[in-house]
Amino acid sequence: MRTDPFRELDRLAQQLMGSGTWSRPSPMPMDAYREGDRYVVAFDIPGVSADALDIDVERNMLTVKAERRPVAKADDVQMELSERPLGVFSRQIVLADTLDTEHIEADYDAGVLTLRIPIAERAKPRKIAIGGGSGRREISG
């Protein structure tokens with residue numbers, strides 16, 4: 001198994017700089033893709049409870065924030081290794097004007113937050129009839 005020196009450097013830098021705070025959150029990985037008539041955005045945020053998630057849309061700016069809090073431990077527990085980052089994670093995405101931000105659906109399962117954003121009706125292709133002249137023709141638009 002090969003090691004990735006950059007991954008190790010990122011992990012070391014994160015340990016040295018500390019966890020994310022509300023004023024300087026850490027980024028969270030995501031995937032974005034189109035699925036039929038909607039866009040899907042999936043964020044990896046394992047270990048975060050659903051009540052620690054905050055999703056906001058203002059105009060066309062989508063903001064997702066999450067906070068991974070430390071787990072309460074008993075007095076007799078001694079931590080041997082702690083690599084899972086704690087703190088605040090955030091991601092902002094500028095959404096296209098062609099998306100319907102009024103009907104965003106959010107699901108959270110197995111540490112993955114999935115947002116489904118429908119494409120606005122005005123952005124879908126449609127046929128336009130041309131009137132006048134000797135006949136009617138349709139142009140796809």
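Modeller: Glutamate 105 is partly exposed, because its relative accessibility is 44%; buried means under 20% relative accessible area, exposed over 50% and partly exposed in between, with a 1.4 Å probe and protein chains only. The model is predicted, so local features need pLDDT of at least 70 and side-chain atom pairs count only at pLDDT 80 or more, while totals for chains, interfaces and linings use all residues. Residues are numbered from 1 along each chain as its sequence is written, and side-chain values use heavy atoms, with hydrogens and water left out.

The side chain of glutamate 105 forms a salt bridge with that of arginine 38, at 3.8 Å from N to O; the term denotes a side-chain nitrogen of Lys or Arg within 4 Å of a carboxyl oxygen of Asp or Glu. Because arginine 38 belongs to strand 3 (residues 38-44) and glutamate 105 to strand 7 (residues 105-109), the pair ties together parts that are 67 residues apart in sequence. Strands (E, at least two residues) are DSSP runs, numbered from the N terminus. Arginine 38 is itself partly exposed, with a relative accessible area of 29%. A network of salt bridges links Glu35, Arg38 and Glu105.

The structure holds four salt bridges. Among them is the one between aspartate 107 and arginine 116, whose closest N and O atoms are 3.3 Å apart; aspartate 107 is partly exposed at 43% relative accessibility. Another joins the side chains of glutamate 67 and arginine 69 at 3.7 Å, N to O. Here glutamate 67 is partly exposed at 22% relative accessibility, and arginine 69 is partly exposed with a relative accessible area of 43%.

Key: Helix = DSSP H or I, 4+ residues; strand = E, 2+ residues; numbered from the N terminus.
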